[in-house]
Amino acid sequence: MGGFTDWVETITDSKNKLDYRRRIKDSETVSMWQSLAFGANYKAAYCMAVCPAGEDVIGPYLASKKKFADDVMRPLQAKHEPVYVVPGSDAEAHVQKRYPHKTVRHVHGLLRPRSITSLLFGMPLSFQRHAAGKLDVTYHFVFTGNEQAEATVTIRERKLTVENGLLGKSNLKVIADSETWLGFLAGERNLLRALITRRVRLQGNPKWLLALKRCFPS
């Protein structure tokens, strides 16, 4: 879904059709058109192809798991094609290591949250555990303004948890106007200006904010 948003913004940023062709190959444009024509989330076809769920497809898998893997899964793994990943993400490292014959193409990331509720819900889903490394840190978030909320975000042993309220002792406390913070995450507002105008306040070492950003590359 984030890749689709990235594609649309590539179109709007292109000066003309030649500039667009320099950015996106014809085969990629056709692939996007096919997925839109077929139905939402058609790009999940690979996942569906290799998952022997349902009476229509489970027979060959039960008959021979090896033959099923050879006929269905391994041709997809061996295929020379672009793979869309967020720069610095776990997915990028995985593709480069396991599938060096595939071409890494960068996209800007996931859908931008437009509410604090969706932000807190989505953090565990978009968290990059390998990028977190040995990080052991607790954050307190206090959101004010249009959408008020308090949350504790903990990163430990390459896992991220989000809990309601301010729990325990934090390494960094962020007090932010909710609209300003969402705008900052979307790249539409400047964090330095927000800090100067005190629409965002930090209590603790700012290095922990940089550490958090590392876990959510875009």
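**Close-up views of a predicted model**

View 1. Strand β1 covers residues 82-85 and strand β2 covers residues 103-106; they pair in the parallel sense over four bridges. Two strands pair if DSSP finds at least two bridges between them. Helices (H or I, at least four residues) and strands (E, at least two) are DSSP runs, numbered from the N terminus. With helix α7 (residues 90-98), β1 and β2 make a right-handed β-α-β unit. Right-handed means that, with the strands pointing away from the viewer, the path from the first strand over the helix to the second runs clockwise.

This is a predicted model: local features need pLDDT of at least 70, side-chain atom pairs count only at pLDDT 80 or more, and totals for chains, interfaces and linings use all residues. Residues are numbered from 1 along each chain as its sequence is written, and side-chain values use heavy atoms, with hydrogens and water left out.

**View 2. Five strands form an open sheet.** The order is β5-β4-β3-β6-β7, with mixed pairing. β5 and β7 (200-204) stand at the edges with a single partner strand each, so one side of each has no neighbour in the sheet. Six bridges join β3 to β6 (residues 172-177), and these two strands run parallel. Y139 has L172 in β6 as its bridge partner.

**View 3. Helix α8 lies across β3, β4 and β5.** The helix runs at about 150° to β5. Axes are lines fitted to C-alpha atoms, for helices over the stretch in contact, and angles run from 0 to 180 degrees between N-to-C directions. In α8 (residues 116-126), the buried residues are I116, L119, L120, G122, M123 and S126. Buried means under 20% relative accessible area, exposed over 50%, partly exposed in between (1.4 Å probe, protein chains only). Their cover includes β3, β4, β5, α10 and α12.

**View 4. The largest nonpolar core has 28 residues.** Such a core is a set of buried Ala, Val, Leu, Ile, Met, Phe, Trp, Tyr and Cys residues joined through side-chain atoms within 4.5 Å. Y139, F141, I155 and W181 have the most contacts inside it. Contact means heavy atoms within 4.5 Å.

**View 5. C47 is in no disulfide.** The structure holds zero disulfides. A disulfide is a pair of cysteine sulfur atoms within 2.5 Å. For C47, the nearest cysteine sulfur is that of C51, 8.7 Å away. C47 is exposed, at 54% relative accessible area. C51 counts as partly exposed, at 42%.
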